[in-house]
Amino acid sequence: MAPEGEASYRAMFETNPLPMWVCHRASLKFLEANEAALALYGYPRSEFLELSLPALDPERSTPAANPDGMSVARHRRKDGSAVELKLLWHPVVFRGERAFLVLGFESADQGRIALLEHRVSQLAGQLDAAQRELETFSYSVSHDLRAPLRHIDGFSKALLDDYEEKLDEQGNEYLSRICQAVGKMSQLIDALHQLSRVARAELTRQQVNLSTLAQVILLELKVANPGRTMEYQVAEGVSAEADPRLTRQLLEILIGNAWKFSAKERQTRISFGALNEEGETVYFVKDNGVGFDMAYADKLFSVFHRLHRVDEFEGSGVGLAIAQRIVRRHEGRIWAESAPGKGATFFFTL
């Protein structure tokens, strides 16, 4: 059951008769839109949320986003017709990402504008409150679930220790499976808690040597798994202006995935480096593992969505969602290129 604050905010957002949307503060990609916005522009929701603001504004009539301010724009609907709007912008945090809550209207009536400004401010406040409530809710759920899991695990292990000889082989197997399931559930709770913490953590940017971080993580994997043969390449001098703790977590996830999904190769090969694309630094982690079908690439960063079976490769299904949240908190992008049996390369900007 969702917290009441979030439900209240969503009801207010969806039922507003004026078009409203939420877009990422850096990329201006649409993160959410109400029915009035979809009706105005003529897009179905799934298609609209694949767009960013520049797609509606090919003439670049919208000034740079002005926090808590007003701008005028000439946008284009899906059918090609134009619509002139006044846009009211308000900075918010939405699903852990820095974003803008935007309201559009065609009336120039100043009294109505003042009323709308108040309404947007009110809605933004509800969104902030819902965000905090959701974080508290997530923490409480993860905390309250741990106690019964510990009891289940403890009593199951006690049965195995004290009554192993009285149980038949199948009974012992059932108890072992219960313990394994409890361990899996505990792992999922930890992963969800990490996802929640990434959204709450304060971000402090400083110069971070990513090459050193990558080398340390790769050496740790090699030492912890002496039976694996690995060849790795780390470009020297790769650095970024980023949060040191979050970038360490990001590289642990991406390099850890590269290690995990190349486990079936005779020799694991992992590379880390950076490219310059049109003046932007793009970092990458590349492996020679099982890869995946690019038809499912849009599902990669969804929580609990897996492209490989659990019995093939272990994991919580939350790692890449955490990686995406870290990248977006740095106002960057993350994507992947792969093919089945051809390895995978994950790219990101910060």
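Modeller: α9 gives the most to the lining of the largest pocket, with 4 residues. Helices are DSSP runs of H or I of at least four residues, strands are runs of E of at least two, and both are numbered from the N terminus. This is a predicted model, in which local features need pLDDT of at least 70, side-chain atom pairs count only at pLDDT 80 or more, and totals for chains, interfaces and linings use all residues. Residues are numbered from 1 along each chain as its sequence is written, and side-chain values use heavy atoms, with hydrogens and water left out.

The volume of the largest pocket is about 1,200 Å³. A pocket here is an open set of points on a 1 Å grid over the protein atoms alone, where a 1.4 Å probe fits, with protein on both sides within 12 Å along at least five of seven lines; lining residues have an atom within 4 Å of a point. There are 33 lining residues, and K29, L31, F301, Q324 and R328 are the closest to the pocket centre. Two or more residues each come from β2, α9 (319-329) and β11 (334-338). By class, the lining has 14 nonpolar, 7 polar and 12 charged residues, with Asp, Glu, Lys and Arg counted as charged.

The pocket lies between domain 1 (4-106) and domain 3 (206-348), because both give residues to its lining. The domain bounds come from an automatic or database assignment.

β2 (30-33) is also an edge strand of an open sheet with the order β2-β1-β5-β4-β3 and antiparallel pairing, where pairing takes at least two DSSP bridges between two strands.

Definitions and conventions
Points joined across faces, edges and corners; volume = space filled by probe spheres on them.
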